[in-house]
Amino acid sequence: MNEKQRPSIRFKGFTEYWEQRKISDYGDFYYGHSCPKWSVSENATTPCVRYGELYTKFGTKINQVYSYTNMPPEKLRFSKGTEVLIPRVGEEPMDYNHCTWLSLSNVAIGEMISVYNTNQNPQFTAIMFNATLQKQFAMRVEGGSVTNLYFEKLKDIDISFPSIKEQCKITTYFSSLDHLITLYKKKYSRLVNIKKSMLEKMFPRNGETVPEVRFAEFMGDWERRKLWEVVKYRNGKAHENDISEQGKYIVVNSKFVSTNGEVRKFSNKQKEPLFKNEIAFVLSDVPNGRAIARTFLVDKDDKYTLNQRIAGITPTENICPYYLYVLMNRNKYFLQFDDGVKQTNLSVNDVMEFEGYYPSSEEQHKIGTYFENLDHLIAIHQQKVEKLQNMKKFCLKKMFV
């Protein structure tokens with residue numbers, strides 16, 4: 001018996017029930033044909049889609065191809081531009097929600113891809129499969145380290161479709177959302193690349209005393225100085241017995257620093273206070289860890305307490321805190337101590353012997369302000385991406401049955 005359902009959130013004007021049927025009632029399946037890796041080359045002329053690309057190249061719509069095969073056409077199976085592709089092979093059972101609409105015609109569909117043909121909106125179908133069938137797919141996966149999802153196992157899954165008009169409305173909404181996410185991701189990546197380039201160009205290279213790129217009003221050589229000449233140093237204190245889910249102070253530990261404050265532990269005791277414009281510096285991490293030698297610039301007094309294995313670095317008056325924060329963060333000098341085998345521990349001497357180049361205080365502040373503004377823009381775009389992704393995740397749960 002068919003069931004009728006409604007989603008939690010709908011566009012205005014749509015009130016009809018969604019009708020539930022088996023996947024096999026809405027369409028039929030077949031498998032793609034062979035496009036082996038050895039047949040893909042730059043000189044080949046037949047466009048193709050291979051199963052691995054469903055995981056790495058595409059979202060819910062394929063509108064360009066990245067591979068070409070030299071397999072004879074009679075051994076291939078070509079698209080009409082309406083097919084929904086489902087990966088047939090994978091590693092994790094919960095990773096099969098990478099369905100996509102192949103919107104191009106005359107593209108060879110590779111083996112290890114299940115092809116679903118339906119009269120419903122193909123992109124809506126792909127979005128709906130990904131949003132609602134992840135667990136259903138996982139329940140039907142077979143195999144061990146390499147798993148398979150055969151389409152014969154999919155035919156009895158219950159799915160629900162609204163009218164074609166509502167399908168198109170929902171598809172347009174998610175396409176617009178994906179476009180915005182992609183746009184902000186590109187802007188974010190561009191800013192990250194600009195920062196990476198400027199970190200190379202706005203500080204002197206080894207053996208040189210001036211940077212490649214410099215603000216026009218500054219001249220003269222930079223001084224090479226060891227860290228002990230320009231800062232005061234202290235170690236944090238253990239807070240393990242004082243940590244709680246809530247508290248007056250944020251415990252600055254390696255996870256807090258490496259995730260820009262995403263992971264927070266609290267304490268009502270400020271055993272080792274941190275003050276505005278001081279730098280917290282991670283001294284210890286597991287092999288190949290993310291946190292070793294990362295820095296955190298304190299933004300406010302009476303807010304943080306410094307945990308053990310984190311150093312507190314206080315710049316002297318003639319050193320710009322943001323300049324030093326940028327200069328020290330994950331510097332290659334510190335990473336040489338990470339052998340990737342045992343727990344990485346930086347000693348006081350390791351840290352204080354770090355040599356860096358320092359221009360005048362005025363130039364330091366100019367550089368520090370530049371990177372502070374750049375970091376602010378990067379954070380804004382990262383937050384925008386995260387907000388849009390969370391919005392999409394929420395809507396995927398609420399706009400389908």
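Axes here are lines fitted to C-alpha atoms, for helices over the stretch in contact, and angles run from 0 to 180 degrees between N-to-C directions. Helices are DSSP runs of H or I with at least four residues, strands are runs of E with at least two, and both are numbered from the N terminus.

On conventions: residues are numbered from 1 along each chain as its sequence is written. The model is predicted, with local features needing pLDDT of at least 70 and side-chain atom pairs pLDDT 80 or more, while totals for chains, interfaces and linings use all residues; side-chain values use heavy atoms, without hydrogens and water.

Back to the pair. α5 passes α10 in a left-handed crossing, meaning that the near helix is turned anticlockwise from the far one by less than a right angle; clockwise would be right-handed. The contact of α5 with α10 has 22 nonpolar, 3 polar and 7 charged residues. Nonpolar covers Ala, Val, Leu, Ile, Met, Phe, Trp, Tyr, Cys and Pro; charged covers Asp, Glu, Lys and Arg; the others, Gly among them, are polar.

What else meets α5? Gln123, Phe124 and Ile127 in α3 meet Gln167, Ile170, Thr171, Phe174 and Ser175 in α5, where contact means heavy atoms within 4.5 Å. By class, the contact of α3 with α5 divides into 4 nonpolar, 4 polar and no charged residues. The axes of α3 and α5 come within 9 Å and cross at roughly 70°, and α3 and α5 are therefore roughly perpendicular to each other.

Now the second largest pocket. Its volume is about 1200 Å³, the space filled by probe spheres set on grid points joined across faces, edges and corners. A pocket is an open set of points on a 1 Å grid over the protein atoms alone, where a 1.4 Å probe fits, with protein on both sides within 12 Å along at least five of seven lines; lining residues have an atom within 4 Å of a point. This pocket is lined by 36 residues, with Phe58, Gly59, Thr60, Asp178 and Lys392 nearest its centre. The largest share of the lining, 9 residues, comes from α5. The lining divides into 11 nonpolar, 16 polar and 9 charged residues.

How values were computed: Angles under 35 degrees count as roughly parallel, over 145 as roughly antiparallel, 65 to 115 as roughly perpendicular and the rest as oblique.
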